Amino acid sequence: MSFPLFKNIPAFDLPQIIISSSFSKMASTRLSSFKREISENPSVEQKNPGPEIPNDDSFPKVRVFVRKKRAKKCIQTTVKEVKPEILDQKLSSLPEIEDFTYGKDKIHSRSIKSETSEAQSPANWEKVLEGIREMRSTENAPVDSMGCEKAGSSLPPKERRFAVLVSSLLSSQTKDHVTHGAIQRLLQNDLLTAEAIDKADEGAIKDLIYPVGFYSRKASNMKKLAKICLSKYDGDIPSTLEDLLLLPGIGPKMAHLVMNVGWNNVQGICVDTHVHRICNRLGWVSRPGSKQRTSNPEETRESLQLWLPKEEWVPINPLLVGFGQTICTPLRPRCGICTVRESSSLLGLLFFEGKISFTCFLTWKHVKCLMNVYMAFD
């Protein structure tokens with residue numbers, strides 16, 4: 001069979017390389033610049049003899065372009081060895097109660113000081129504390145019947161410890177009566193043990209604990225918490241403060257409360273937003289080395305533990321929480337019936353160690369109390 005269309009094609013014709021117009025704009029390389037220099041200055045060819053290039057049109061001309069590689073930049077980093085002793089000193093203190101983050105690794109230093117003689121106690125603090133006790137005895141507060149320590153009071157010790165832990169988890173940024181209602185619904189549906197929560201659907205848990213604050217996230221943390229307790233502690237809860245702080249959603253206030261109630265082990269004062277606010281109003285706490293008020297509950301706990309006797313560490317939490325819920329409220333405090341108002345700084349005046357310092361913001365709501373304070377000191 002013959003193919004007439006291919007008769008006129010040479011058998012050994014060298015291929016011709018067609019260079020597109022886009023390549024013509026590329027920068028010339030050393031080879032192309034050398035040829036141009038030879039054509040412009042023939043004397044260069046004599047100084048730099050090279051291989052002869054035949055001027056024969058039968059050979060195809062091929063231009064070679066070489067792309068230069070960019071040099072990699074090497075950044076040298078110096079790694080300093082950190083000694084374990086220095087690392088322990090740089091560990092941060094426990095995070096503040098209302099602002100802790102879920103799901104993050106928590107590495108805290110144990111800064112519990114049992115010696116209370118290092119700091120000077122405020123003047124007349126025993127008299128003020130006794131006055132608060134008298135006011136609390138005349139009026140019940142929500143914490144007295146619906147606090148976290150009341151959760152699962154009828155359950156066996158192991159189940160009650162887990163119930164207190166769950167109640168503490170739900171209490172963050174939630175009022176006591178809302179937390180108490182959620183615990184009662186979990187108890188009625190037999191979902192207050194680690195085994196039951198681990199098997200339960202997360203959506204069902206959300207419906208039962210609603211409307212606690214951040215109920216979706218807390219339901220997820222309850223599932224994680226139950227799984228950890230089952231795998232590591234046989235359905236029980238951790239028995240150390242450090243292990244409790246590693247649980248998802250558990251902050252320092254909750255950990256101290258669980259240690260006090262669940263294990264009867266006093267590791268520190270349980271300080272929430274009420275204790276933090278009232279201690280600053282009374283002038284009982286301050287930042288280290290200054291008379292400025294503490295900025296978060298954890299600073300309040302550390303400052304309070306420096307001088308408050310250890311036998312008062314447990315009862316001071318329900319005492320001040322109930323006082324903050326009924327009389328010394330965050331907004332519109334009932335200063336008219338407060339018997340320790342002359343010792344407080346509700347209007348920004350702190351009478352502490354004979355000095356006056358502004359620690360709060362002045363508002364018109366406290367003008368009447370300001371007059372009462374001045375009348376008490378006249």
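Predicted model: local features only at pLDDT ≥ 70, side-chain atom pairs only at ≥ 80, totals over all residues.
Biologist: Which helix gives the largest share of the lining of the second largest pocket?

Modeller: Several helices each supply at least two residues: H5, H7 (176-188), H12 (252-262), H13 (273-282) and H15 (316-326). The largest share is 4 residues, and it comes from H15.

Biologist: Where is glycine 152, and is it buried or exposed?

Modeller: Glycine 152 sits in the loop between helix H5 (142-146) and helix H6 (157-171). Its relative accessible area is 9%. The cut-off for buried is under 20%, so glycine 152 is buried.

Biologist: Which residues does glycine 152 contact, leaving aside its neighbours within four places in sequence?

Modeller: Contact means heavy atoms within 4.5 Å. With those neighbours left aside, glycine 152 is in contact with Arg160 and Ala163.

Biologist: What is the separation of the C-alpha atoms of glycine 152 and leucine 187?

Modeller: Along the chain, glycine 152 and leucine 187 are 35 residues apart. Their C-alpha atoms are separated by 8.1 Å.

Biologist: Why is the pair of tyrosine 210 and tyrosine 215 edge-to-face?

Modeller: The model has 3 aromatic pairs. In the pair of tyrosine 210 and tyrosine 215, the centres are 5.0 Å apart and the planes are at 85 degrees. Planes over 60 degrees apart count as edge-to-face, so this pair is edge-to-face.

Biologist: Which parts does the pair of tryptophan 284 and tryptophan 307 tie together?

Modeller: The ring centres of tryptophan 284 and tryptophan 307 are 5.7 Å apart, with planes at 85 degrees, so this pair is edge-to-face. Both residues are buried. Tryptophan 284 lies in the loop between H13 and H14 (297-305), and tryptophan 307 in the loop between H14 and H15, so the pair ties together parts 23 residues apart in sequence.

Biologist: Which residue lies over the face of tryptophan 263?

Modeller: The distance from the ring centre is 4.2 Å. The residue over the face of tryptophan 263 is arginine 161.

Terms used: Residues numbered from 1 in each chain as written. Heavy atoms only, no water. Buried < 20%, exposed > 50% of the residue type's maximum accessible area, 1.4 Å probe, protein only. Phe/Tyr/Trp six-rings, centres within 6.5 Å; stacked < 30°, edge-to-face > 60°. Lys NZ or Arg CZ within 6 Å of the ring centre and 35° of its normal.
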